[in-house]
Amino acid sequence: MNRFNFPDLGIGIGLRTVHYAHILDTQPDVDWFEALSENYLDTGGRPRYVLETIAERYPIVLHGVSMSIGGTDPIDFDYLRKLKELARGVNARWISDHLCWTGVSGRNVHDLLPMPYNEESLRHTAARVRVISDFLETPLVVENPSSYVEFATSTMTEWDFLAALAAESDCGLLLDVNNIYVSSFNHGFDPKTYVDAIPADRVVQVHLAGHANHGTHIIDTHDNVVIDEVWQLYGRACARTGDVSTLMEWDANIPDFETVHAEARKAEAFRGSGESGVGGRRRKGSGESGVGGRRKSSSKSLRHPTPDTRPPQDAEAVHV
Ligand SMILES: [Fe+2]
């Protein structure tokens, strides 16, 4: 168990619009969903209705791509205010975003850009994470990115930076073991060293995903199954963290829901007890308290009133 007492939710799926109709119609036997925050901010209407309906039955975690915690622009409190309201509206168990920056001078490049890892950037980022966590009234959960370039001004490894950031800002960690593998290949370090160095008691959640290996480099495409080496890293991480909320990301060439779910459930082989988590198959809609402490009963039908003919939403194009 992590130091924040955020529960092991079991094995979840990244919520994607192409699966809305299937989820609403069939109420699949899945432990939890991670929703991309930006898809439900400033939208209202059907996306928000779908998420709130799913949240009546399944635990939800919010995962963002635009907090820019390493950026130099002022923190966007308008964004945080809307995010906090959304989290309370869907009883989100926690809120995560990435160790990165996403733009400068008010321009969002809609990408997760790598940071230099040194004492100056550590102090800067830790201060921002503390402010964000205080505003959200919950410890922010920070994900390690995948990257393709490094900074000459870095003086520490990414894993040492992440551990120091967690200690200084008291944040949680979302350990993306595929990102660790991708970056280790691109930058030439041992991914096992990374996993072994992470403070296990701060790991709230793990991400799994597929990628594209081009021989000289790997692109974090989220368009395929998880490779064996990444599964082994996942097992290595679980040996340190114990059973931890685990989520499968699939963002391009997305297959049918059951294919994604079957890939995710391979994680069961690496989990100690083989039992599903607190929001899982046996205790769906268990009323666990989320951000803001709101509790909900599960009474609303998951059936949607009209056929889902909307096109996929935008933020899913960002690989996280
Ligand atoms: Fe991820």
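Visitor: Which is G242: buried, exposed or partly exposed?
Guide: Count the other C-beta atoms within 10 Å of its own: G242 has 15. Buried means 20 or more, exposed means 12 or fewer, and partly exposed is in between, with C-beta atoms placed from the backbone. G242 is therefore partly exposed.

Visitor: What kind of model is this?
Guide: Residues are numbered from 1 along each chain as its sequence is written. Local features need pLDDT of at least 70, side-chain atom pairs count only at pLDDT 80 or more, and totals for chains, interfaces and linings use all residues, this being a predicted model.

Visitor: Leaving aside neighbours within four places in sequence, which residues does G242 contact?
Guide: G242 sits in the loop between α8 (228-241) and β12 (245-248). Contact means C-beta atoms, placed from the backbone, within 7 Å. Beyond those sequence neighbours, G242 touches M1 and G272.

Visitor: How many helices and strands does the chain have?
Guide: The chain has 320 residues, of which 46% count as buried. Elements are DSSP runs numbered from the N terminus: helices are H or I of at least four residues, strands are E of at least two. The count is nine helices and 12 strands.

Visitor: Where on helix α2 do its buried residues lie?
Guide: The buried residues of α2 (residues 45-55) are V50, L51, I54 and A55. An α-helix has 3.6 residues a turn, so residues three or four places apart point the same way. Down the axis of α2, the directions to the C-beta atoms fall within an arc of 130 degrees, so the buried residues line one face of the helix.

Visitor: How do α4 and α5 lie to each other?
Guide: The axes of α4 (residues 119-136) and α5 (residues 158-169), lines fitted to C-alpha atoms over the stretch in contact, come within 9 Å and cross at roughly 45 degrees. Angles run from 0 to 180 degrees between N-to-C directions. Under 35 degrees is roughly parallel, over 145 roughly antiparallel, 65 to 115 roughly perpendicular, the rest oblique. That makes α4 and α5 oblique.

Visitor: Which residues of α6 and α8 meet?
Guide: Helix α6 (residues 177-187) and α8 pack at about 120 degrees, with axes 9 Å apart. The two are therefore oblique to each other. From α6 come V177, N178, I180 and Y181; from α8, E229, V230, L233, Y234 and A237.

Visitor: How many residues of α6 are buried?
Guide: The buried set runs V177, N178, N179, I180, Y181, V182, S183 and S184. Their cover includes β8 (172-176), α7 (191-197), β9 (203-208), β11 (218-219) and α8. Helix α6 is largely enclosed by the rest of the structure, because its buried residues number eight of the 11.

Visitor: Which residue just after α6 takes a positive phi?
Guide: Helix α6 covers residues 177-187. Just after α6, a phi of about 80 degrees is taken by G188.

Terms used: Two residues are in contact if their C-beta atoms, placed from the backbone, lie within 7 Å.
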